[in-house]
Amino acid sequence: MTEGVHNKSGRRRIGRRGGIVSKIAAGLIAGTLLAGAGAAQAEEKVVTAVMHSGLRVIDPVITTAHIVRNHAYMIYDVLIAVDENFKPQPQMADWTISDDKLVYTLTLRDGLKFHDGAPVTAADAVASLKRWGSKDSGGQLIFDVTDTLTATDDKTLVWTLKEPFAPLIDTLAKLSALPPFIMPASVAATPSSESITSFIGSGPFKFVEDEYQPGVSVTYVKNEDYVPRSEPANWMAGGKVVNIDKVKWVTMPDTQTALNALLSGEVDYVEQVPVDLLPILDSSEDVVAEVRDPLGYQTIGRMNFLYPPFDNVKVRQAAMMAMSQKDVLGTLIGNPDYYKICGAVFGCGTPLADEAGAETLITGGDIPGAKALLAESGYDGTPVVLMQPTDVSTLTAQPIVAAQALRDAGFTVDMQAMDWQTLVGRRASQAKPSEGGWNLFFTNWGVPEVNTPLINPMLNGRGNDAWFGWPTDPELESLRKDFIRAETPEDQLAVAKLIQAHALDVVNYIPLGQYLSPQARSTKIVDMIPSPVPVFWAMKKED
């Protein structure tokens with residue numbers, strides 16, 4: 001534990017070193033935050049937040065990027081939500097299940113409206129679920145066994161299955177990696193291969209389209225017509241009571257600039273603070289630094305299975321053998337109080353955790369073994385196009401460390417720098433790497449996003465319908481179906497172990513360990529929910 005900062009869910013103020021906002025911070029803030037504010041802003045409760053990335057994509061179905069998911073939680077709601085115990089709770093709808101486990105009846109609660117004033121109907125929910133199910137890994141499995149999904153009246157939808165799917169409610173309630181957000185049927189009719197162009201939501205905030213500057217800033221205002229549930233807010237579940245008038249997300253790629261702005265009171269919240277910059281906040285009585293999410297993140301590498309060299313399993317195995325979690329995490333985080341060596345694809349500390357197949361990853365890599373395997377594979381020097389995001393602090397180290405390990409093992413590496421949102425768009429391209437495509441990128445997942453075979457986006461072997469990288473893996477799909485059919489936790493664990501071993505044998509992706517990510521907020525911001533997803537309902541801003 002680092003002095004002054006809890007590395008668990010506790011909170012403790014940490015101080016400030018210096019107090020003068022840099023000229024660049026002042027310029028950014030003056031240009032993007034305070035224009036025209038003055039007395040009007042003083043009368044409003046406005047929370048200004050520096051998020052981990054700029055927002056450019058705003059369709060929560062076509063990407064799993066966290067910033068897009070965060071945006072979606074602002075303006076959309078979900079039928080069922082998970083609480084802090086990972087227990088599904090009614091949100092927009094209650095549900096019943098037939099005795100034979102084949103018919104799920106969901107009933108919408110009263111008072112639900114879209115932002116244009118139209119009522120939320122069961123037909124809207126059906127259309128939203130179908131669009132979600134065409135993209136989401138767990139949703140695809142549900143629709144594999146779906147007979148019908150229909151709206152029987154304005155408030156009732158009936159989901160009839162061909163065979164039981166025990167985790168259906170858990171899958172609908174998942175908090176990330178494509179939650180099934182509810183949008184109008186006319187919007188949800190957009191094919192999941194295309195981005196929506198209307199942003200009428202069903203949630204506690206409204207998206208201010210006129211003030212949206214892609215990659216720079218985004219504004220949300222309180223939805224005065226939203227009717228929250230009566231229960232207390234609990235993670236994604238409960239009453240989403242909004243106590244502020246407006247939320248502004250702004251982009252500051254330089255974290256030190258963002259922290260200076262927080263210290264000066266120009267912004268209220270910084271979503272991610274690199275551990276090595278925590279001392280900047282030393283001695284400030286006006287700032288709280290904390291770990292919001294005690295479960296933390298898993299950082300991973302994902303390869304493109306469609307093109308050389310990673311269409312060859314031995315080449316993928318050689319690349320994984322070259323990598324060391326300790327090197328990655330030591331460079332990314334530095335302080336071992338904030339990271340954990342972990343080779344489990346489902347995350348360490350979770351019920352399905354197992355580290356089979358990760359031996360070289362967790363023991364420091366094996367460059368000589370990687371060289372030998374690469375030579376055996378017939379690798380011909382084809383460049384590895386490695387996408388390197390330069391503007392997200394939790395994604396800058398992995399490409400650099402991995403590139404060096406790959407070169408040491410004999411790979412030719414073409415590391416291409418770009419901002420994260422450019423990477424998010426480019427990773428969806430199936431073009432050849434030499435024609436604007438890619439071979440390898442790195443990203444991070446909250447542990448609750450990867451802890452079962454049904455919600456882990458990477459563990460999908462459906463080719464073009466799989467997550468970016470597009471592996472075709474019938475054996476993996478068969479194992480996931482075995483997991484669904486497992487009747488006891490012991491049976492599920494047995495299947496999960498088989499999936500762990502298979503995933504690392506074929507190198508479905510490279511788990512590179514877990515880490516905790518501190519956030520920082522003004523002491524004026526209180527009652528912020530300590531959930532894996534940063535949400536802005538329930539919080540208050542004190543004078």
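In this predicted model, Val-313, Arg-316, Gln-317 and Met-320 of helix 9 meet Leu-504, Asp-505 and Val-506 of helix 16. The residues of this contact divide into four nonpolar, one polar and two charged. Other topics below are an open sheet of four strands, a right-handed β-α-β unit, and two tryptophans with positive phi, Trp-235 and Trp-470.

**Helix 9 and helix 16**

- Helix 16 covers residues 489–506, and its axis comes within 7 Å of the axis of helix 9.
- The two axes cross at roughly 100°, which makes helix 9 roughly perpendicular to helix 16.
- Helix 9 spans 313–322, and the loop between strand 16 (297–303) and this helix contains Pro-309.
- The peptide bond that joins Pro-308 and Pro-309 is cis, with omega about 5°.

- Strand 8 and strand 9 (residues 156–161) run antiparallel and are joined by six bridges.
- Across this pairing, Thr-148 stands opposite Thr-160 of strand 9.
- Helix 4 (residues 122–133) packs on the sheet and touches strand 7 (103–108), strand 8 and strand 9. The direction of helix 4 makes about 155° with that of strand 8.
- Helix 5 (residues 137–144) also packs on the sheet, where it touches strand 8 and strand 9. The direction of helix 5 makes about 95° with that of strand 8.

**Strand 18 and the β-α-β unit**

- A right-handed β-α-β unit is made by strand 18, helix 13 (residues 397–409) and strand 19.
- Strand 18 runs parallel to strand 19 (residues 413–418), and six bridges join them.
- Within this pair, Leu-386 has Met-415 of strand 19 as its bridge partner.
- Side chains in a regular strand alternate between the two faces of the sheet.
- In strand 18, Val-384, Leu-386 and Gln-388 point one way, while Val-385, Met-387 and Pro-389 point the other way. The residues of both sets are buried.
- Strand 18 is largely enclosed by the rest of the structure, because six of the six residues in 384–389 are buried.

**Helix 3**

- Helix 3 (residues 66–75) has ten of its ten residues buried, so the rest of the structure largely encloses this helix.
- Among the buried residues of helix 3 are His-66, Arg-69, Asn-70 and His-71.
- The buried residues of helix 3 also include Ile-67, Val-68, Ala-72, Tyr-73, Met-74 and Ile-75.

**Loop residues**

- Trp-235 is not a glycine, yet its phi is positive, at about 55°.
- Trp-235 sits in the loop between strand 12 (217–222) and strand 13 (246–250).
- The relative accessible area of Trp-235 is 7%, so this residue counts as buried.
- Trp-470 likewise has a positive phi of about 55° without being a glycine.
- The loop that holds Trp-470 lies between strand 20 (440–446) and helix 15 (474–485).
- Trp-470 counts as buried because its relative accessibility is 5%.
- Asn-451 is located in the loop between strand 20 and helix 15.
- With a relative accessible area of 16%, Asn-451 is buried, the cut-off being under 20%.
- Apart from neighbours within four places in sequence, Asn-451 is in contact with Phe-346, Thr-350 and Leu-352.

**Ala-375**

- Ala-375 belongs to helix 12 (residues 367–377).
- The relative accessibility of Ala-375 is 62%, so this residue counts as exposed, for which the cut-off is over 50%.
- Ala-375 and Gly-410 are separated by 35 residues in sequence, and their C-alpha atoms are 8.6 Å apart in space.

Notes:
Residues numbered from 1 in each chain as written. Predicted model: local features only at pLDDT ≥ 70, side-chain atom pairs only at ≥ 80, totals over all residues. Heavy atoms only, no water. Buried < 20%, exposed > 50% of the residue type's maximum accessible area, 1.4 Å probe, protein only. Pairing = 2+ DSSP bridges. Right-handed = clockwise from strand over helix to strand, strands pointing away. Axes fitted to C-alpha atoms, helices over the stretch in contact; angles between N-to-C directions. Parallel < 35°, antiparallel > 145°, perpendicular 65-115°, else oblique. Contact = heavy atoms within 4.5 Å. Nonpolar A, V, L, I, M, F, W, Y, C, P; charged D, E, K, R; others polar.
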